[in-house]
Amino acid sequence: MQQDPVETSSGRMNAKDIATGVFLIAIAAFGFFLNLENQQGTAAQMGPGYMPMLIFSLLAILGVAVIVGGLRNGPDPLERWALKELVLILGAMAAFGVLIERLGLALSVATVVIISTLADRSHSLRSVAGLTIALVAICWLVFILGLNLNVSFLPPALTEL
Amino acid sequence: MISRRNVLIGAGTVGSMALMSSVAKAQAEWPARPITITIANAPGGDDDTLSRFLAETLTSELGQAVVIENRGGGSTTIGVTAASSAKPDGYSILCLPTSGLVQTVLRDRLPYTLDSFTPIVGIGGYPLALIASKKAGINTIDDLMAAIHSPEGVTYATAGVGTIAHLTGTTFIREAKGKGINVSYKNNPDGIQGVAGGFTQMMFVSAREGAILKNDENVTVLAVTSPARTSNLPDVPTTAELGYPQIDGRVWYGYLAPAGIPADVASRFSAAVVKGVQTPKFQERFGPLSFQTDLKTGDDFKAFLVSEQNRFRKIITENDIKLNK
Amino acid sequence: MIDNLALGLSVAMTFHNLGFAFMGCLIGTAIGVLPGIGPLATIALLLPLTFTLDPVTAVIMLSGIYYGAQYGGSTSAILLNLPGEVTAVVTTLEGHKMALKGRAGAALAVSALGSFFAGTVATLVVAASGPVLTSFALSFGPAEYFSLILLGLIIATVLAQGSILKSIAMLALGLALGLVGTDIQSGEVRFSLGFFELFEGIDFVAVAMGIFGIAEIVRNLENPENRNVTISKVGSLMLTKEEFRRAAPSVLRGTVVGSVLGILPGGGLALSTFASYILERRVSKYGHEFGTGAIEGVAGPESANNAASQTSFIPMLTLGIPANAVMALIIGGLMIHGIQPGPGVIQAQPELFWGLIASMWIGNLMLLVINLPLIGVWVSLLRLPYRYLYPTILVFCAIGVYSVNYSTFNVFETVLFGLVGYLLFKLRCEPAPLLIGFVLGPMLEEYLRRTMVVSRGDPMVFIERPVSAVLLAIAALALLTMLLPAIRRKKDEALEE
């Protein structure tokens, strides 16, 4: 569909495929290393290391094949990463993991909302505040009242006093 | 290893001394807020069902909500680890199933030992039932013995290495002086399916599960491991009757608290559990499923846990059952 | 059978039981829509409440939750590209693409109607031939399962939208991820890097939420045009005549595939949606539209999923063997009521058995009644500006992932897989084969190793057992038809040069 008719066999590199291949080979290599401690056994009596050996070999072979293919089917350069958005979204999620057992549901949800809304410039202070309050309320309704989830809503330190 | 554990325990002691004043305060009015019972398995297991049922009586006895929290994963080690690091204030209780105790013998890099806990009360559990595959041509105990003594040995299904069914299966085959090959399944129902399909020859299941299969055309129930026959399988002989008195397989459940729980809090919790198990409501529900009440409190329960640990250790070393980690 | 169904209907149609069926379906739909919060935890939570109910009523309500959740899972897959359950992965492929084209209403409607039809047929299958089918399920041994799953993996590469080679590579990457955790046969823990949390493997919800949910949010934020598409066109809610005509045969085929595979307790439910999707793609005249939002790709798998959820009751009702953890829980609930599911239950408790069967159908009807009017509500969610929608998705993902095991480890796992998902997107790799490899890989190894243990090391069993041999032959054929054109193309290219 998106193929460029002129470029088919001109020998230009597909950087995306080559990076994919390198990624696969790296995973396979790491896997082989970790698999050293598992007994392989034989085909008739497979040990815990037998199947991993097969799968990582397959992965490495596929990695090489993707690289070989990538040498010819390009060009397809690597794309720029949206680093700011990526860091903020992953950061919001990670913050939830750090805070949920320390500060309870309400503050953790608020933190997720505040960090993640930084990723979209069209948000104003008011819209963030409104969304935070709305989501904290919804979460209380759904997870605390409705599903009776086993998490404390307010910071646990408060309830234990 | 040992020295690091001592350091940890030491640190824990200092920490709990700092907590002492607040614990002392909490003790006076315990329970002042909901109590959490941690289940070290996913919802739906026997530990979960029994605890949820008991929670009702506990709630009315103690005057506070008793909440069940499932922390499955890691063959019970995740839930037990979480419970071992909770505050010993009587608000965090662990439900320990047999397999949780086996882990302390089987694995040597766990962040807890039995000493990380104060055993409160053990409630009993289910004996095991020995089932065999009619589909694979095993209809009687003699057929099974023939398979066990055949040159290639018997295949027995388990829900994995180190489960009670596995330990009991190895012991049984060893006592019968035969040969067996463990076929591991993800869980008991998968294993039962393997036996019913004739792909695996025998299996130890709980007597509760065994009773479902008593009229099955593909499976036969050959024995139960309790000292006396069970109410739900009255026609099935015990392993002792068959000449294997050493087979002592059963799954049991008990409640433990992180070490250092105030003694009177422990005894109040224990009394509430004992009362809950003795209610006719509990007995009417679980008795017919062959639940065998065996209440042990405090030091009795602790001595029981230690003796079980020793028993498991003996089976594990005798049969050379090993896990890397 | 008519008499029996009448008995069943008379049990299930009491006002009391209808009410509980409705409640179960409603709760099930609600939790199904929320990612991560599954029927298992909910049923466990409600189990003590059912102790006071009549056993028939209890089972009717609990099974309502079960299929309500199966259905609700597709709603979030279609609208938000969030597969909360294994069976919903396939639904994201075409369903979410349909939503992007402004046909979210149609996707949800076809899913509801297809599920209802499939549920009705599958209920009749359970009623008419449950006991006969049981012996079929039992004759499926480890060798047959292995061959079936291998076949599934091979044809799963058809899922590829782009390069076949890369999609096979993603499948292999999924297989590799599936290796993490305890090796079932030996009990040894592999690739856990010392984390107890990885003893039982990488969590499916964490992988799915990370690769689909989180990575998708970053992608959408990156391309503002992307998200505006969703908002601008919501389209009509109901199916057009053309859509209905195209979907009908797919629903029929999906029903057959699901009804058959659902009987197999060891992974039939998971395979049913993949199998139906692949079948549709091969059989349908509109196969070329797949990947851009073909309605067949929603209708088939959704019907298969629901048919399989119904027939997966067969092994439980006739043998007492639960097909999955939810079934095990329902059996546990029945036993506390003093009822032992298993061979005798049809004779001993006819009103329970037939009442449950009738209630399955009523449950499906309820789902339709609950969900058709709700489609409008769900679709209007898409009218919410994306800048409000994405923090909401993120919050629900976070809580959902955490609640699976109450473990913050799972939250961090999701973060990692969000990163992996974004990397794969940037390298133009399809994530769906990865998830399929991740789900099927561990089963493949489990059954392979078990076959070899049971056969005492003799690999001939795979071809000596007829069903297994046939499945393997189909797999070999599929592999050949897939490779031949590729090889021929290579040759042509070489000649041109």
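In this predicted model, the axes of helix H1 (residues 15–35) of chain A and helix H8 (residues 164–178) of chain C come within 11 Å and cross at roughly 25°. H1(A) is therefore roughly parallel to H8(C) (angles under 35 degrees). Axes are lines fitted to C-alpha atoms over the stretch in contact, with angles from 0 to 180 degrees between N-to-C directions; helices are DSSP runs (H or I, at least four residues) numbered from the N terminus.

| Helix pair | Axes within | Crossing angle |
|---|---|---|
| H1(A), H8(C) | 11 Å | roughly 25° |
| H3(A), H18(C) | 10 Å | roughly 140° |

The contact of H3(A) with H18(C) includes A:Leu105 and C:Ile399.

A:Phe143 touches both A:Leu105 and C:Ile399, and C:Phe396 is another of its partners. A:Phe143 is also one of the residues that touch the most other members of the largest nonpolar core, which has 264 residues. Such a core joins buried Ala, Val, Leu, Ile, Met, Phe, Trp, Tyr and Cys residues through side-chain atoms within 4.5 Å, buried being under 20% relative accessible area (1.4 Å probe, protein chains only). Helix H3 (residues 83–117) of chain A gives the most to this core, 14 residues.

Residues are numbered from 1 along each chain as its sequence is written, and chains are lettered from A in the order in which they are written. Local features need pLDDT of at least 70, side-chain atom pairs count only at pLDDT 80 or more, and totals for chains, interfaces and linings use all residues, while side-chain values use heavy atoms, leaving out hydrogens and water.

Terms used: Buried means under 20% relative accessible area, exposed over 50%, partly exposed in between (1.4 Å probe, protein chains only). Helices (H or I, at least four residues) and strands (E, at least two) are DSSP runs, numbered from the N terminus. Contact means heavy atoms within 4.5 Å. Angles under 35 degrees count as roughly parallel, over 145 as roughly antiparallel, 65 to 115 as roughly perpendicular and the rest as oblique. Lists of a residue's contacts leave out its neighbours within four places in sequence.
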